[in-house]
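Good morning, and thank you for joining this meeting.

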Amino acid sequence: MLLHDTSLIFGRYLRQTVRSRFQIFFGILMPLLHLLFFGPLLTELPLGSTGDSWQVLVPGLLLQLGLFGASFAGFSLIIEKSTGVVERMRVTPVSRLALLLGRVLRDALLFMFQAVLLVLAALVMGLRAPLAGVLIGFAFVGLLTVSLASLSYALAMKVRTPQEFGPVINSLTMPAMLLSGLMLPMTLGPAWLDVLSHFTPFRYLVDAVRDAYVGSYATAHMLYGALVAFAFALLAVTAGTRVFRRAGA
């Protein structure tokens with residue numbers, strides 16, 4: 001029943017996404033702008049990292065796509081609450097876990113598709129990376145999306161208006177972006193900032209994907225990144241499931 005209910009919810013929101021081309025386009029617009037206007041500025045700069053500038057920038061942009069896109073996914077749930085959609089779902093026998101998983105899997109598929117478009121654009125601009133590394137990067141984007149979308153929907157169930165939701169997300173995503181080294185390696189900064197960044201879980205994902213893009217798979221960065229990504233996804237889905245069940249959503 002869980003698989004059946006999840007597929008129903010997933011199909012419903014996937015159809016909505018396919019009909020909303022603006023969501024697909026504008027979701028990838030910001031990373032593409034960084035790629036087009038910020039990437040060429042780095043081509044001749046020493047970044048203190050293995051690989052060229054594209055192998056440093058593109059992994060960060062991939063995870064930026066998941067970070068900002070999935071974190072704001074809860075806005076749609078707030079709208080559904082205000083229009084009575086959630087109330088109507090509550091009276092159905094559908095699994096409460098499926099109501100979360102169906103949404104989260106739709107988000108993961110959407111951002112994976114956008115990640116593919118981003119990598120294709122980066123290849124045109126000069127990115128060279130092994131296929132295995134690119135696929136590993138997609139896997140990390142998927143795990144990050146599942147994690148952050150689950151927490152975003154959980155928060156959306158707790159707040160009443162977008163005005164409450166937005167500031168919370170902004171106050172969490174901006175420090176995470178700055179401290180994780182999405183745009184540039186944190187080793188370029190002062191030592192205290194590099195140390196502080198290790199308390200941000202996204203830092204480990206960024207380092208892992210950058211290693212994958214230069215073909216280094218058996219590294220400490222890869223091990224720590226995989227452990228953090230899976231643990232974060234497990235904790236986030238568990239927390240989101242508890243909120244949905246308690247809310248009777």
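Please keep in mind that the model is predicted.

Two packed helices are described by the angle between their axes and the distance between those axes. Let us begin with helix 4, residues 74-83, and helix 8, residues 162-180. Their axes come within 10 Å and cross at roughly 165°. Angles over 145 degrees count as roughly antiparallel, so helix 4 is roughly antiparallel to helix 8. The crossing of these two helices is right-handed. On the side of helix 4, the contact involves Gly74, Phe75 and Ile78, which meet Pro162, Phe165 and Gly166 of helix 8. By class, this contact has 4 nonpolar residues, 2 polar ones and no charged ones.

The second pair is helix 6, residues 96-125, with helix 11, residues 220-247. Here the axes are 8 Å apart, at an angle of about 130°, which makes helix 6 oblique to helix 11. This crossing, too, is right-handed. Residues of helix 6 including Leu99, Leu100 and Arg103 meet residues of helix 11, among them Val237, Gly240 and Phe244. The contact comprises 6 nonpolar, 2 polar and 3 charged residues.

Is Arg103 buried or exposed? Its relative accessibility is 3%, and buried means under 20%, so Arg103 counts as buried. A polar atom of the Arg103 side chain lies 2.7 Å from the backbone oxygen of Leu99. Leaving aside residues up to four places away in sequence, Arg103 touches Ile9, Tyr13, Leu77, Glu80, Met89, Tyr153 and Phe244.

Notes:
Residues numbered from 1 in each chain as written. Predicted model: local features only at pLDDT ≥ 70, side-chain atom pairs only at ≥ 80, totals over all residues. Heavy atoms only, no water. Axes fitted to C-alpha atoms, helices over the stretch in contact; angles between N-to-C directions. Helix = DSSP H or I, 4+ residues; strand = E, 2+ residues; numbered from the N terminus. Parallel < 35°, antiparallel > 145°, perpendicular 65-115°, else oblique. Left-handed = near helix turned anticlockwise from the far one by under 90°. Contact = heavy atoms within 4.5 Å. Nonpolar A, V, L, I, M, F, W, Y, C, P; charged D, E, K, R; others polar. Buried < 20%, exposed > 50% of the residue type's maximum accessible area, 1.4 Å probe, protein only. Polar contact = N/O pair within 3.5 Å; in protein donor to acceptor, adjacent residues only side chain to side chain.
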